[in-house]
Amino acid sequence: MSQEQPMKPQMGEEAQEHHNNATAYIQEHKDLSIKAMDNIETSVSARRAATNEPSNGGQVGGKSSQQASPLAAEAIFERGNITIGEALEATALTAGSRPVDYSDAAAIQAAEVRATGRTNIVPGGVAAAAQSAATRNARVARDDDKTKLSEILAEATSKLPADKPVTRRDAEGVIGAELRNDPNLTTRPGGVAASLAAAARINQINQTPHSQSPHSQHSPSPRNKD
């Protein structure tokens, strides 16, 4: 079965149906694995330690909070919040060896759009690179010769002109993009949608007073591919 190009425009009832599907998957799959949340936390902690980035003070990834998406009132960087760029970089660790396909490219584009607040992709950015990789990979026979997710997402934060903490709405949008561009209407275990869902849950827990450890709570997660 052929795959549609990333982020195919949708209108009316079709767009509403895909939105409902993404929301339904989030509601139905509440058992986000401890491993997924561990992967996100480990990746982000290691990256911040390596780059000596502040965990507070209005900056994440070297970008001022004033540069965050103008469409997102929640884009106030608080201690512990995981950004979209960081969640994308975590995907490079959890699913980095997999070839980029159209569903990955669509999810990455949805994530970039939500991070930047733009309606179009950034020239030379992470979404543009993912689209090019997916198109190329579709024409390559051997998996060993295909561009892998790690090659696209390893430095995702530096390729985003703006970044913001991941919210549940961000995760829903990315899940929907990945689902509708997959021929089986599923998402990758440890993939872009899964990483955004894990990051959104961790952020939600961190913002809850007297919250429990993320490992003691369950989280919405996308339906996984076999």
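This is a predicted model: local features need pLDDT of at least 70, side-chain atom pairs count only at pLDDT 80 or more; totals for chains, interfaces and linings use all residues.

Trainee: How many helices and strands does the protein have?

Mentor: Count the elements, then follow their order. Here there are nine helices and two strands. From the N terminus, the order is α-α-β-β-α-α-α-α-α-α-α.

Trainee: What share of the residues is buried?

Mentor: The chain has 226 residues, and 50% of them are buried. The protein exposes about 10,900 Å². Carbon and sulfur atoms supply 48% of that area.

Trainee: How do I read contacts along the chain?

Mentor: Ask how far apart in sequence the partners sit. Take contacts between residues at least 6 apart: 78% of them join residues at least 24 apart.

Trainee: Is helix α3 mostly covered or mostly open?

Mentor: Mostly covered. Helix α3 spans residues 84–94, and nine of its eleven residues are buried. The buried ones include I84, G85, E86 and A87. L88, E89, A90, T91 and A92 are also among them.

Trainee: Which residues of α3 make the contact with α9?

Mentor: Look at the axes before the residues. Helix α9 covers residues 192–206, and its axis comes within 9 Å of the axis of α3. The two cross at roughly 130°, which makes α3 oblique to α9. The crossing is right-handed. From α3, the contact uses I84, A87, L88, T91 and T94. From α9, it uses V192, S195, L196 and A199. By class, that gives six nonpolar, three polar and no charged residues.

Trainee: At what angle do α4 and α8 pack?

Mentor: At about 155°, with their axes 7 Å apart. Angles over 145 degrees count as roughly antiparallel, so α4 and α8 are roughly antiparallel to each other. Helix α4 is residues 102–116, and helix α8 is residues 168–180. Their crossing is right-handed. On the α4 side, the contact is made by S103, A106, A107, A110, A111 and R114. On the α8 side, R169, D170, G173, V174, A177 and E178 take part. The residues divide into six nonpolar, two polar and four charged.

Trainee: What is the handedness of the crossing of α8 and α9?

Mentor: Left-handed. These helices pack at about 165°, with axes 9 Å apart. They are therefore roughly antiparallel to each other. R168, A171, V174, I175 and E178 of α8 meet V192, A193, L196, A197 and A200 of α9. This contact has eight nonpolar, no polar and two charged residues.

Trainee: Now the loops. What is the phi of L185?

Mentor: Start with the general idea. Most residues other than glycine have a negative phi. In L185, phi is near 55°, a positive value in a residue other than glycine. L185 lies in the loop between α8 and α9. Its relative accessible area is 40%, so L185 is partly exposed.

Trainee: Is A162 buried or exposed?

Mentor: The cut-off for buried is under 20% relative accessible area. A162 has 5%, so A162 is buried. A162 belongs to the loop between α7 (156–159) and α8.

Trainee: How far is A162 from G85?

Mentor: Compare the chain with the space. A162 and G85 are 77 residues apart along the chain, and their C-alpha atoms are separated by 8.9 Å. G85 is also one of the buried residues of α3.

Definitions and conventions:
Residues are numbered from 1 along each chain as its sequence is written. Side-chain values use heavy atoms; hydrogens and water are left out. Helices (H or I, at least four residues) and strands (E, at least two) are DSSP runs, numbered from the N terminus. Buried means under 20% relative accessible area, exposed over 50%, partly exposed in between (1.4 Å probe, protein chains only). Contact means heavy atoms within 4.5 Å. Accessible areas come from the Shrake-Rupley method with a 1.4 Å probe; for residues, only the protein chains shown count as cover. Axes are lines fitted to C-alpha atoms, for helices over the stretch in contact, and angles run from 0 to 180 degrees between N-to-C directions. Angles under 35 degrees count as roughly parallel, over 145 as roughly antiparallel, 65 to 115 as roughly perpendicular and the rest as oblique. A crossing is left-handed if the near helix is turned anticlockwise from the far one by less than a right angle, and right-handed if clockwise. Ala, Val, Leu, Ile, Met, Phe, Trp, Tyr, Cys and Pro count as nonpolar, Asp, Glu, Lys and Arg as charged, and the others, Gly among them, as polar.
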